[in-house]
Amino acid sequence: MRTLLITGPGGSGRTTTAAATALAAARSGARTLLLGTDRTDTLGPVLGDRDVPGLTVRRTDPDAGFRADLTALQDRAGGALDLLGASRLVPEETSPPPGAEELAVLRALRDAARDEETYDLLVVDLPATPRAISLLALPDELRRALRRLLPSERQAARALRPVLGRLAGVPMPAEWIYETAARLDLQLAAVEALLADHGTAVRLVAEPGPAGADALRTAALGVALRGLRLDAVIANRVLPENDAGSWLAGPVAQQRKTLEEWREEYDVHPVAHLGRDPRGADDLAVLAVPTVPAAPTVTRAPEWPVTDRLAEDGVLVWHVPLPGARRDALDLVRRGDELVVTAEPFRRVVPLPSALRRCTVDGAALREGELRVRFRPDPGLWPRTR
């Protein structure tokens with residue numbers, strides 16, 4: 001199953017583009033699953049009430065997911081709650097806390113990954129960037145947090161917990177905590193595998209113009225920092241070139257200039273302005289969004305390679321592709337065996353390759369959209385040669 005993640009700045013028409021892309025794929029014969037992540041049903045008005053063969057539409061439900069999780073948690077911790085005399089919460093009377101929507105999206109992505117034999121294409125209508133980039137970073141960040149809070153070495157004493165429970169005369173919650181963490185880790189790993197698959201790509205939607213250009217640069221930077229592949233850029237609501245003498249001449253010229261600049265960096269697909277908000281299958285078909293290839297023609301974005309320059313300069317160089325990054329909005333922190341990279345509103349913690357863990361940072365430079373971090377071998381840790 002191929003996966004297409006669609007996002008863009010607020011108001012760019014990303015939901016319309018996602019619906020048009022899924023509709024075009026279904027009409028071409030691909031079994032398509034369209035996943036909406038907005039709490040409100042924004043896909044419904046865009047798609048209309050016509051059923052399209054081969055197209056299945058799902059919407060995330062953070063309320064139902066939170067209630068199910070709350071019920072399961074109280075069932076597992078029932079003994080401890082009864083011991084403490086605590087009253088159980090009624091899920092139907094409890095509002096989802098902040099973050100429930102993001103977790104609902106991750107759960108929906110996990111469920112979609114299980115259906116890879118049922119569908120040929122998964123189209124995800126993500127929130128606006130940079131929230132979408134933060135959402136895609138959640139599986140990695142949550143798994144890192146679980147490993148820190150419940151490291152594997154602490155599970156070595158699991159066999160002693162039943163004994164401790166009998167001695168104390170109360171149920172020990174540690175066992176189900178570890179079981180829950182392990183189950184959550186497997187679910188997050190499934191989402192990570194979906195995002196890392198070579199058939200997964202991001203499609204950015206933006207309206208050509210100064211504001212759209214700034215938003216697109218920032219979004220592309222976030223995609224690159226997460227190591228995702230950028231499939232294409234949808235230049236939405238492109239005005240007609242004719243009738244240049246009217247009041248549209250200025251906006252048309254502005255859009256033309258932006259499109260020329262975008263084509264130098266991205267695979268750009270202009271989508272015409274209909275003069276109205278697209279509604280229903282007929283309007284979506286008129287947009288003529290690009291179809292998804294039958295098979296991925298390009299693998300996912302390359303990993304961050306390490307260049308051996310020990311013989312020439314005595315350093316190893318880590319190459320980090322960051323197109324559109326600005327030097328004054330870039331920050332690097334070495335933290336043990338990890339490198340924390342902050343690029344404008346985005347942040348990623350990356351484990352160092354094994355060779356670089358025995359080195360000290362010797363400096364960094366940003367050149368032509370690539371961050372090059374130099375590492376010099378630590379004499380106390382680097383293997384010595386005769």
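A residue is termed buried when its relative accessible area is under 20%, exposed when over 50%, and partly exposed in between, for a 1.4 Å probe and protein chains only. Helices (H or I, at least four residues) and strands (E, at least two) are DSSP runs numbered from the N terminus. The model is predicted, so that local features need pLDDT of at least 70 and side-chain atom pairs count only at pLDDT 80 or more, while totals for chains, interfaces and linings use all residues. Residues are numbered from 1 along each chain as its sequence is written, and side-chain values use heavy atoms, leaving out hydrogens and water.

Strand S6 (residues 230–238) is largely enclosed by the rest of the structure, because seven of its nine residues are buried.

S5, helix H9 (residues 210–225) and S6 form a right-handed β-α-β unit; right-handed means that, with the strands pointing away from the viewer, the path from the first strand over the helix to the second runs clockwise. Helix H9 contains Arg-217, which counts as buried because its relative accessibility is 16%. Contacts of Arg-217 (heavy atoms within 4.5 Å) include Tyr-266 and Glu-344, with residues up to four places away in sequence not counted.

Helix H1 (residues 14–27) is mostly covered, with twelve of its 14 residues buried. Gly-29, with a positive phi near 105°, follows H1.
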